[in-house]
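Here is a short tour of a protein and DNA model, one topic at a time. Have a look at the picture first, then read on.

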Number of protein chains: 2
Amino acid sequence: MGQRKSGHVTLLDIARASGFSVSTVSIVLSEAPLSKNVAVTTRARIRTIARQLGYHPDAYARSLRRRSTQTIGILAFDLSDPFCIPIMRGIQDGLHAAGYLPLVMDAQTERKLFDNYLHMSLERRAEGVIVIASWVFEETNLLGDIRKNNVPVLIVGRDLAARGISSILVDNEAGGALAIQHLAELGHRRVAVIRGPQEMCDSEPRWNGIRMAAAQTGIQIDDRLVFQLPGLSDPMSGFEGGERIAKSMLATGLPFTAVIGFDDMTALGVIRGLCESGIRVPEECSVVGFDDVLPAEVATPAMTTIRQPLRAMGLEAARRVLEEIGKTPRRRGDSILHQTSPELVVRMSTVPPPAERRAARSAGLRKRSNTA
Amino acid sequence: MGQRKSGHVTLLDIARASGFSVSTVSIVLSEAPLSKNVAVTTRARIRTIARQLGYHPDAYARSLRRRSTQTIGILAFDLSDPFCIPIMRGIQDGLHAAGYLPLVMDAQTERKLFDNYLHMSLERRAEGVIVIASWVFEETNLLGDIRKNNVPVLIVGRDLAARGISSILVDNEAGGALAIQHLAELGHRRVAVIRGPQEMCDSEPRWNGIRMAAAQTGIQIDDRLVFQLPGLSDPMSGFEGGERIAKSMLATGLPFTAVIGFDDMTALGVIRGLCESGIRVPEECSVVGFDDVLPAEVATPAMTTIRQPLRAMGLEAARRVLEEIGKTPRRRGDSILHQTSPELVVRMSTVPPPAERRAARSAGLRKRSNTA
DNA sequence: TATATTGATTCAAACGTTTGAATAGCGTTG
DNA sequence: CAACGCTATTCAAACGTTTGAATCAATATA
């Protein structure tokens, strides 16, 4: 067989086997412009031999010589968070179309791993880096290192435009507003809210959106029914937080007919907590989530939520980073914040509040979709 | 700054800036054995300059020269299937400990992408390949190509040992048995079953396990209450299939007090289908899943399921593939099927059947855990 | 004083590609 | 027949590392 010491078939192997020079073989197999000057018979011969031996060009040698790796580093803060997946999918699709390969890395919410992988992105000569982030990564100084090497960076899910990094994220304020408007339309007046952890940049604007839209729709939110999620990195922590807080809500003794969870996992936790305390969702209490991740979709009752256009955000991220690569370092655009529009997805976890139920039902207010 | 034409800082840059030769710089920065012969002052000088310029060794040049990439290709059939994630996590952890980098690729259930990525694994000189598979990939002939290049392959989630590929998967028969034994202990006698799609190798043994254990526990399964999932690649198809089949079950008019879903997504679909038909879970009907993926854990009621030790399977995969790499091609072990033990996780979706409920409750039979 | 020994550093070749420039053969044209 | 233009192919250098062997002082040993 064509095995040399390295175990992989090389151009030299094919050159020897075919009687042509390495150059010719390279020109043919890489379909270089020159290859149209190569005799058809030669081309055929070289090609068949290559196939026979199972030749695959060495990406390392090639990239070294071509000085381009066609690779973008994707640094996800935690792949086990279902939030990341559709974004990744979008990025991947965007890159694939342009012939780029995503170099996927999962930081597992560990700062050290994150830094490691950022290093690797540089060593692997990623031509750009997309970070899918939550709050876990404060200003790792490596981002400076990346800059120093002229690699465009982009972050999705967090606003670092102020620090000079292009960012893509959902319009949290609009999202918060959508949630409470939906509840208002259903007739809810007493709404409990779970805010996100302080470390997370989504928390504040989302809450602002809720507050402002509440004021507009005449809902007043009782401070005692506003809770805050602690900041832990485990994707289950949102769920457990929601479960625990739901019980705290009931413990206040205050009346409420709906809960807005910071995100879907939190909201699922709320549902669990309420059910365990004997409160039925949605009959006795409505629940709204945020994100629209898979578990929210397949839970029963299916959860009403504010969808983030995650895939689209990934696509946009890919588009933008490729665009930056095209430019010369000097001509790189300023870092921009790109906000995407959230979308209300009405499912089964929200209904009119108990008191109004009968009236509303006969008024035909309950249009809803079951699935995504 | 240290920018040369390539935009990345190289050894040559540091050599120039420090006055030493490229060799010395390399020896110092790569901490080669020879570096203990290098004067301490020299070492310090080189190191600080490297740091100043933001040097990162070029993985391409390095791998080319060292003839080792420290890379393992991980080919997941669909990252948006929550099943994949814990396996990946396990693989990643296993590789990381050995200083290897996973090259994650998401085939998105598309045959073409799968083939593409398999190519890439070869071009990127992955030293081994781990495939996380379901049924989608019949004998893609590229696997032969991989063999030709002496790259050890391993598949998790599918048994291809017969075709000469080491495989890791759960003991489906034992899993199926666990499910029905659990229901039997709760007192169920009329159990409906949803089998997996024919294309999937888990389907048959899982069903065998159910049948055999059913016979042993004296349960007889009515053929008319055995259904089969069609084989589609979308991760939601299991869910939708379950939902649809749940309604078919009810349509038979036959009595049943529990359902075993082929996997968690199917079982979640069953719950949805039953609820929409007014049947309450678990009060009127128990449901058991398989896999133990995140959505099953955070649904309410939390789902009783047969857990696959996914993370452990990933770890084992990493261990095994690294082991193979260590050996010379000749000495590579035969492909082995490694079966892992499933585990019953009792949550809230299973209770004694309606008729027995009262008796059982007073007998203290309802020990259960809420969370994982 | 010649010869090892050691310590600090450098030479030069190699890894597998790509590619601008060179070469050789050969027919056409002025 | 010299000059040119094709076509088909090869040369050789380069990409950024690593590393066995070489170099060169300076010191220790014979």
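## Two helix pairs in chain B

H1(B) passes H3(B) in a right-handed crossing; a crossing counts as right-handed if the near helix is turned clockwise from the far one by less than a right angle, and left-handed if anticlockwise. Helices here are DSSP runs of H or I with at least four residues, strands are runs of E with at least two, and both are numbered from the N terminus. This is a predicted model, where local features need pLDDT of at least 70, side-chain atom pairs count only at pLDDT 80 or more, and totals for chains, interfaces and linings use all residues. Residues are numbered from 1 along each chain as its sequence is written, while chains are lettered from A and ligands numbered from 1 in the order in which they are written.

Helix H1 (residues 11-18) and helix H3 (residues 40-53) of chain B pack at about 125°, and their axes are 10 Å apart. (Axes are lines fitted to C-alpha atoms, for helices over the stretch in contact, and angles run from 0 to 180 degrees between N-to-C directions.) That angle makes H1(B) oblique to H3(B); the scheme calls angles under 35 degrees roughly parallel, over 145 roughly antiparallel, 65 to 115 roughly perpendicular, and the rest oblique. From H1(B), the contact uses B:Asp13, B:Ile14, B:Ala17 and B:Ser18, and from H3(B) it uses B:Arg45, B:Ile46, B:Ile49, B:Ala50 and B:Leu53. Two residues are in contact if their C-beta atoms, placed from the backbone, lie within 7 Å. Sorted by class, that's six nonpolar, one polar and two charged residues. (Ala, Val, Leu, Ile, Met, Phe, Trp, Tyr, Cys and Pro count as nonpolar, Asp, Glu, Lys and Arg as charged, and the others, Gly among them, as polar.)

H1(B) also packs on H2(B), at about 110° and with the axes 8 Å apart. That makes H1(B) roughly perpendicular to H2(B). On the H1(B) side you'll find B:Leu11, B:Leu12, B:Ile14, B:Ala15 and B:Ser18, facing B:Val22, B:Val25 and B:Ser26 of H2(B). This contact has six nonpolar and two polar residues, but no charged ones.

## A helix pair in chain A

Over in chain A, helix H8 (residues 172-186) and helix H9 (residues 203-216) pack at about 45°, with axes 7 Å apart. So H8(A) is oblique to H9(A), and their crossing is right-handed. Among the residues in this contact are A:Gly175 and A:Gly176 of H8(A), and A:Trp207 and A:Gly209 of H9(A).

## How the two chains meet

In the interface, 44 residues of chain A are in contact with 44 residues of chain B. Elements of chain A that each supply at least two residues to this side include helix H5 (84-97), strand S2 (101-106) and helix H6 (111-123). The chain A side has 22 nonpolar, 12 polar and 10 charged residues. The copies meet through the same surface, because 100% of the interface residues of chain A are also interface residues in chain B.

## Around the DNA

DNA strand C is surrounded by 29 residues, the closest being A:Leu11, A:Ser26, A:Ala61, B:Ser21 and B:Arg65. A residue is near a strand if its C-beta atom, placed from the backbone, lies within 6 Å of it. H4(A) gives the largest share of this surface, five residues.

DNA strand D has 28 residues around it, and the closest are A:Ser21, A:Arg65, B:Leu11, B:Ser26 and B:Ala61. Here H4(B) gives the most, with five residues.

Most residues other than glycine have a negative phi, and most peptide bonds are trans. B:Gln108 isn't a glycine, yet has a positive phi of about 50°. A cis peptide bond joins A:Thr300 and A:Pro301, with omega about 0°. Another cis peptide bond joins B:Val281 and B:Pro282, with omega about 5°.
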